[in-house]
Amino acid sequence: MNASVVGSGYVGTTLAACLADLGHDVTAVDIDQSVVDRLNAGETAIHEPGLDPLVSAYAGGRLRATTDHAAVADTDLTFLAVETPAREDGSIDPSALLAAAEDVGEALADKDGYHLVVVKSTVLPDVIEEELVPLVESASGKTDGEEIGVAVNPEFQREGSAVDDFMDPDKIVLGTDGDERALDLLAELYQPLVSDWEVPVVETGRREAAMIKYANNTFLAAKVSLINDLGNVCKEFGVDAYEVADAIGMDDRIGERFLRSGVGWGGSCFGKDTAALASAAREAGYDPAMVEAAREVNDHQPERLLELLDAHVDVSGKRVAVLGLAFKPGTDDVRGSRAKPVIEGLEARGADVVAYDPMATEEMAAEYPDVEYVDSAAAALEGAHGACVVTDWPEFADLDAEFDAMANPVVVDGRRIVERREGLTYEGLTW
């Protein structure tokens, strides 16, 4: 097939490269000329395992990039993979997505035959039905369901494993409101995945498909917050929350995944999506107490970590190491990173903060320029009076000699990556 992808961020670039790997011809459209130039050169600024080899292999062949939205008219279907950031009140800002939808509609105005527009961006149902669909119709001069179709196909890709998640998904959700031509196109597009892996395909309405994405992320976020809340209780009673989690995870109604308690979730999805869902619910007149509680617990975990550090050392005027800046290992993404409130809390206490991350130093330095950034865990720990472990990079599991170089070997572990040992004042956040 011939597909176009508008937006070349994390989702759009991964989508474009993976579709090319499935054998489709893909045109990536982005308003940033530098992004387009890099893609055409077989490069990407995004750190995602397995992505660079795909972009390098298909650039100039099955994968091409342009800033010209008119290119979508030469394709069979167009994905909208444009970011929908959060406003200060938690609601989403769909302006960039709607602008892209309008550009695509205008590009399709003179195209003969049916064209499918697929919303990959995370956006609430009302935005799709009340704003995006009418905008595509008016810009193209075509009627939804007749000369043009709009479908919702949410992504369920995790940073750090996005390529694998695309290629071996738990499910594929197709929201089409029964548009058979849309279903046929999407079925053909995903046929290699479905046939190779027998992936479950959920055919539903557009509104339902949009909500499935929010419900999926909110449920996972709430599960993490619940185990963190239980972990905090366990800590108060001197109980190892991980041993408790191992046991309850054997119950198939609960499951063992997402039961690693710690300093909380970050990233670009859980925080934004739970905030957007809560904001939309309140606007509709409903108080989403469970969603708000999940957010509240998560927001408090970094302070819990700092309180444990306070119990052992007065950090005012002292050097304190922060190990891990990315929101999770395997990525350089610092959006929603739990290191941010940890750094802010340490600075508020008057600490001299020194930080290390294998990949995310540059990204964090742009937001927190007053922090000292070093190029190794050893350099961060040398002479430090305390250390906060925020990201579970594998290298942090083997730092015995480095901890010995601390002026005061106090370690508060937010991810259960460090081993408790003699000579180290060690606090696990929930164990």
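Start by selecting the lining of the largest cavity, which by class holds six nonpolar, two polar and one charged residues. For this sorting, Ala, Val, Leu, Ile, Met, Phe, Trp, Tyr, Cys and Pro count as nonpolar, Asp, Glu, Lys and Arg as charged, and the others, Gly among them, as polar. Before going on, note that this is a predicted model, in which local features need pLDDT of at least 70 and side-chain atom pairs count only at pLDDT 80 or more, while totals for chains, interfaces and linings use all residues. Residues are numbered from 1 along each chain as its sequence is written, and side-chain values use heavy atoms, with hydrogens and water left out.

**Stop 1: the cavity**

Rolling a probe the size of a water molecule over the atoms shows where empty space is left. Here the search runs on a 1 Å grid over the protein atoms alone: a cavity is a set of points where a 1.4 Å probe fits but cannot get out, a pocket is an open set with protein on both sides within 12 Å along at least five of seven lines, and lining residues have an atom within 4 Å of a point. Grid points are joined across faces, edges and corners, and a volume is the space filled by probe spheres set on the points. How many cavities of 30 Å³ or more are there by this rule? The count comes to one.

**Stop 2: the second largest pocket**

Next, select Leu124, Asp126, Val127, Ala280 and Glu283, which lie nearest the centre of the second largest pocket among its 19 lining residues. Helix 5 (125–140), helix 8 (206–236) and helix 10 (270–283) are the elements that give two or more residues to this lining. Helices (H or I, at least four residues) and strands (E, at least two) are DSSP runs, numbered from the N terminus. Which helix supplies the largest share of the lining? Helix 10 does, with six residues. The pocket has a volume of about 430 Å³, and its lining divides into 11 nonpolar, two polar and six charged residues.

**Stop 3: a strand residue**

Move to Val322 in strand 9 (residues 319–323). Is Val322 buried or exposed? Val322 is buried, with a relative accessible area of 0%; buried means under 20%, exposed over 50% and partly exposed in between (1.4 Å probe, protein chains only). Now show its contacts, meaning heavy atoms within 4.5 Å. Leaving aside neighbours within four places in sequence, Val322 touches Ala339, Val342, Ile343, Leu346, Val353, Val354, Ala355, Tyr356, Cys388 and Val390. For a distance check, pick Thr391: Val322 and Thr391 are 69 residues apart in sequence and 9.3 Å apart in space, C-alpha to C-alpha.

**Stop 4: two helix residues**

Select Ala96 in helix 4 (residues 95–107). Ala96 is partly exposed, at 37% relative accessible area. Outside four places in sequence, Ala96 is in contact with Val82 and Glu83. From Ala96 to Thr84 the C-alpha atoms are 7.1 Å apart, with a sequence separation of 12 residues.

Then go to Asn40 in helix 2 (residues 33–40), also partly exposed, at 35% relative accessibility. Not counting residues up to four places away in sequence, Asn40 touches Ala59, Arg64 and Ala65. Asn40 and Gly178 lie 138 residues apart in sequence and 37 Å apart in space, C-alpha to C-alpha.

**Stop 5: positive phi in two loops**

Most residues other than glycine have a negative phi, and most peptide bonds are trans. Select Asp177, where phi is near 55°, in the loop between strand 7 (172–175) and helix 7 (180–197). Asp177 is partly exposed, at 48% relative accessible area. Arg416, which is not a glycine, has a positive phi of about 50°. Find Arg416 in the loop between strand 13 (410–413) and strand 14 (425–428); Arg416 is partly exposed at 31% relative accessibility.

**Last stop: zoom out**

Colour by secondary structure to see 15 helices and 14 strands. The C-alpha trace spans about 75 × 45 × 40 Å along its principal axes. Buried residues make up 54% of the 431 residues. Among contacts between residues at least 6 apart in sequence, 73% join residues at least 24 apart.
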